[in-house]
Amino acid sequence: MTPTGERRLVVGVSGGSGIPYALDLLRALHTLDMETHLIVSSGAKRVMSAEGGPQLSDLTALASVVHDDRDLAASVASGSFRTGGMVVVPCSAGTLAKVAHGFADNLISRAAHVTLKERRPLVLVVREDPMPRPMLQNMLAAHDAGATLMSASPGFYHAPESLGELLGFVTARVLDQFGLDLPGFRRWREDA
């Protein structure tokens with residue numbers, strides 16, 4: 001990582017349920033004054049419409065740069081564009097499969113491919129349950145390619161009192177993968 005790219009992250013939002021996780025992460029990155037390059041898939045846009053939670057405008061308002069998922073000539077499609085890494089949250093089963101097998105037919109999968117190629121951190125936050133065998137195999141293949149796989153599964157040892165605290169737990173764990181701290185996050189026995 002270079003000083004130019006270390007304060008810059010690519011955030012992909014694919015078509016899995018769980019858009020509130022993406023919104024919470026973007027809020028945290030905005031608070032941390034990180035430059036964010038947002039890519040939202042067409043599947044994610046359909047999920048937003050169906051679930052009625054956070055909408056595209058909520059996400060784009062927090063991003064530094066917004067890229068069209070069809071634009072394979074975008075800056076984030078090139079390894080020479082320096083970043084501190086990429087996170088896909090939520091990561092749909094289809095996006096996971098593309099990353100695991102090197103398919104780069106949209107900007108999220110291309111940017112993920114570039115992130116792995118450049119040996120930068122790539123975090124995939126999967127949210128589907130139960131996980132069938134092909135998904136488990138794709139998770140292992142993505143791991144073997146260099147990605148970090150996380151589930152959108154919050155812990156409860158910090159005695160959360162709100163949905164926001166549950167979302168914040170996952171956000172904090174994602175930020176940990178990039179060496180970033182979520183202000184106010186209570187860690188296990190850190191105060192002891």
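**Note on the annotated binding site and its sheet**

1. Ser92 sits in the loop that links strand 4 (86–91) to helix 4 (93–101); helices (H or I, at least four residues) and strands (E, at least two) are DSSP runs, numbered from the N terminus. Please keep in mind that this is a predicted model, where local features need pLDDT of at least 70, side-chain atom pairs count only at pLDDT 80 or more, and totals for chains, interfaces and linings use all residues. Residues are numbered from 1 along each chain as its sequence is written, and side-chain values use heavy atoms, with hydrogens and water left out.

2. Ser92 is buried, at 11% relative accessibility (buried means under 20% relative accessible area, exposed over 50%, partly exposed in between; 1.4 Å probe, protein chains only). Beyond residues up to four places away in sequence, Ser92 touches Ser14, Gly15, Gly16 and Glu128 (contact means heavy atoms within 4.5 Å).

3. Gly15 belongs to the loop between strand 1 (8–13) and helix 1 (19–31). Gly15 is partly exposed, with a relative accessible area of 29%. Setting aside neighbours within four places in sequence, its contacts are Ser41, Gly43, Ala44, Val47 and Ser92.

4. The unreviewed UniProt entry has a "binding site" annotation whose residues include Gly15, Ser41 and Ser92. UniProt positions follow the numbering used here, feature names are shortened, and annotations may be inferred rather than shown by experiment.

5. Now the sheet: six strands make an open, parallel-paired sheet in the order 3-2-1-4-5-6 (two strands pair if DSSP finds at least two bridges between them). Strand 3 (65–68) and strand 6 (148–151) are its edges, each pairing on one side only.
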